[in-house]
Amino acid sequence: MAPMPPTQSLAPASLPPAQPSAPASPPPTISSPPAPISSPIVASAPGPPGPPNVIKILAKAGSCSTFIKLLQITQEVSEITSLLNNSNRITMFVPSDGAFLNLKTGTLNSFSDQRKAELVKFHVLTRYFSLLQFQTASNPLQTQAGGTTNREFPINITTNGTAVDIATGIVNASVTSTIFNDNQLAIYQVDKVLLPLQFFVPPLPPAPAPAPPKPKKDVPSTDSSPVNVVPSDATSLLPHILQGIVYPGSFFFFSLCFEYMS
């Protein structure tokens, strides 16, 4: 038998080279609206500073708790703040806590609410005074409590160098220190509670009405020359005398009447 030809191994058919796959297309995007352009923030200019806070000033100074309570319960602190807001310039005298303790027992509690409010007002002058300006102050000074006449709320200031003394007619006090001063508000501490004259002395009674003028008396005449008074009898004879003058032959009768008159 003829030898069989060698068998050829069947190689797998070669595949064509793979083509590179196309890149996947990105998903469609949804365009968002453009962000609004924000305007630059401009810082506002700071406003003018507010008026001084009287309660904070006194609390920081210390030894003023009693006067602070009076300011609050009488609501006079609101009145003072309103004055300062309206650019008013004022002066305050603040008694220390020790000054209130030195009052006669029960004095402060004996005052009505109105009197307590007047007491606080009496410690507030309607004008600003530096310590130097007290030297030229014209007494009596006006307070927020009221007038200065007829035993109302007068307050008098005297100075001796840098010392400032206060007289109310009831109390003589002295300024011990300056608590605050900004040329609008001056606060001075005093060693006594300023008690107004009106709380303890009644006002003067009104002056009596002027009396009506008296009627004038008749003044006798100053003429001292004698006055010749004709007797009534002579007056009654006057017609007969005239007849003696008029009618002739009456001369004798006329002479007789004349002799009678003389």
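View 1. One cavity of 30 Å³ or more is counted, a cavity being a set of points on a 1 Å grid over the protein atoms alone where a 1.4 Å probe fits but cannot get out. The volume of the largest cavity is about 60 Å³, taken as the space filled by probe spheres set on the points, which are joined across faces, edges and corners. This is a predicted model, in which local features need pLDDT of at least 70 and side-chain atom pairs count only at pLDDT 80 or more, while totals for chains, interfaces and linings use all residues. Residues are numbered from 1 along each chain as its sequence is written, and side-chain values use heavy atoms, without hydrogens and water.

**View 2. The lining of the largest cavity.** Glu76, Glu79, Ile80, Leu83, Val120, Lys121, Val124 and Gln144 line the largest cavity; lining residues have an atom within 4 Å of a point. Helix α3 supplies the largest share, four residues, where helices (H or I, at least four residues) and strands (E, at least two) are DSSP runs numbered from the N terminus.

**View 3. The open sheet.** Six strands form an open sheet in the order β2-β1-β6-β5-β4-β3, with mixed pairing; two strands pair if DSSP finds at least two bridges between them. Because β2 (124-125) and β3 (156-160) stand at the edges with a single partner strand each, one side of each is left without a neighbour in the sheet.

**View 4. The pairing of β1 and β2.** Strand β1 (residues 90-95) runs antiparallel to β2, joined by two bridges. Met92 has Val124 in β2 as its bridge partner.

Key:
1 Å grid on protein atoms, 1.4 Å probe; cavity = no way out; pocket = protein on both sides within 12 Å on 5 of 7 lines; lining within 4 Å.
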